[in-house]
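Hi,

Here is the structure I promised to pass on. My notes on what turned up in it follow below.

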Amino acid sequence: MEGEKYLFVVSGPSGVGKDTVMARLRADHPEIEKTVSATTRAPREGEAEGVNYYYRSEAAFKQLIEAGEVLEYNYYNGNYYGTLRAEVERRMAAGKLVLLNIDVHGAANIKRLYPGSTIVFLLPPSAQELEARLRGRGTDDEASIERRLAIAREELAQADAFDVRIVNNSIEQAAGDLYALMVRRAGLEQ
Ligand code: 5GP
């Protein structure tokens, strides 16, 4: 569809720093809006419909999936969460940059649906550095760290299938590289 060049997906292994890099990019470039997902979980105190999420019953969420209105979704901690087609397409059609943070399988799905989009893989500076970061969180026991590392190794093996790879040497550098890529691929250079 028209405007696919405005759509970007960032994926990468757990612990590589996707959320931090994207938060920095949004802080520097607030015109890159956050797309609002749908969820079956109840709103938390202070959250609002259409701002944090679109809150839907499980039946309504499943209907959205069946109607092809959900680009990708996940079942997490007893609830469904999904990216809505309308949220993404509305922005693309208006010529606005869209940035999604989704897992490796979800990214491949987006590329299949929107061949003109760009899928970006965020890489750690090295495998050792990723292990250090996962351990450095200090929140997981050894068995859990080993499982995460095994998943991370599998995810790293997918990097070649992405359009672009960016190494996260520092938050500023990775956010800057990502923004430069977006502007270039979307044809927004001045
Ligand atoms: P929370 O309940 O804390 O708002 O979110 C729980 C988890 O769901 C987080 O890890 C968040 O990143 C994930 N999540 C939120 N929206 C989406 C979405 O549209 N798709 C997927 N796959 N995960 C999402």
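Asn 77 is exposed, because its relative accessible area is 70% (the classes, for a 1.4 Å probe and protein chains only, are buried under 20%, exposed over 50% and partly exposed in between). Asn 77 sits in the loop between β4 and β5 (helices here are DSSP runs of H or I with at least four residues, strands are runs of E with at least two, and both are numbered from the N terminus). The phi of Asn 77 is near 55°, a positive value in a residue other than glycine. For context, most residues other than glycine have a negative phi.

Before the rest, some housekeeping. This is a predicted model, so local features need pLDDT of at least 70 and side-chain atom pairs count only at pLDDT 80 or more, while totals for chains, interfaces and linings use all residues. Residues are numbered from 1 along each chain as its sequence is written, and side-chain values use heavy atoms, with hydrogens and water left out.

**The ligand site**

Which residues are around the ligand? They are Ser 37, Arg 41, Arg 44, Tyr 53, Glu 72, Asn 74, Tyr 76, Tyr 81, Gly 82 and Thr 83 (near means a heavy atom within 4 Å).

- Tyr 81 has a polar side-chain atom 2.5 Å from an oxygen atom of the ligand.
- Glu 72 has a side-chain N or O atom 2.8 Å from a nitrogen atom of the ligand.
- Arg 44 has a side-chain N or O atom 3.1 Å from an oxygen atom of the ligand.

**Pockets**

The largest pocket holds about 870 Å³ of space. On the method: a 1 Å grid is laid over the protein atoms alone, and a pocket is an open set of points with protein on both sides within 12 Å along at least five of seven lines; lining residues have an atom within 4 Å of a point. Points are joined across faces, edges and corners, and the volume is the space filled by probe spheres set on them.

Of the 22 residues that line the largest pocket, Ser 37, Glu 72, Tyr 81, Asn 101 and Ile 102 lie nearest its centre. Two or more lining residues come from each of α1 (18–28), β4 (70–76), β5 (79–84) and β6 (98–101), and α1 gives the most, with 4 residues. By type, the lining has 8 nonpolar, 8 polar and 6 charged residues (nonpolar is Ala, Val, Leu, Ile, Met, Phe, Trp, Tyr, Cys and Pro; charged is Asp, Glu, Lys and Arg; the others, Gly among them, are polar).

The second largest pocket has a volume of about 460 Å³. It is lined by 19 residues, with Pro 13, Ser 14, Gly 15, Lys 18 and Arg 137 closest to its centre. Both α1 and α6 (142–156) supply at least two lining residues, and the largest share, 4 residues, is from α6. This lining splits into 5 nonpolar, 7 polar and 7 charged residues.

**Aromatics**

How many aromatic pairs does the structure hold? There are 8 (rings of Phe, Tyr and Trp, the last by its six-membered ring, pair if their centres lie within 6.5 Å; planes under 30 degrees apart are stacked, over 60 edge-to-face and the rest tilted). Phe 121 and Phe 162 count as edge-to-face because their planes are at 70°, with the ring centres 5.0 Å apart. That pair links distant parts of the chain, 41 residues apart: Phe 121 is in strand β7 (residues 118–123) and Phe 162 in the loop between α6 and β8 (164–167). Both Phe 121 and Phe 162 are buried. Elsewhere, Tyr 53, Tyr 55, Tyr 76 and Tyr 81 form one aromatic cluster.

**A few single residues**

- Ile 32 lies in the loop between α1 and β2 (37–39) and counts as buried at 2% relative accessibility.
- Glu 58, in helix α2, is partly exposed at 37%. Its C-alpha is 32 Å from that of Glu 31, 27 residues apart in sequence.
- Ala 93, in helix α3 (residues 85–93), is exposed at 55%.

Key:
On a 1 Å grid over the protein atoms alone, a cavity is a set of points where a 1.4 Å probe fits but cannot get out, and a pocket is an open set with protein on both sides within 12 Å along at least five of seven lines; lining residues have an atom within 4 Å of a point. A polar contact is a pair of N or O atoms within 3.5 Å; within protein, one must be able to donate a hydrogen and the other to accept it, and residues adjacent in sequence count only if both atoms are side-chain atoms.
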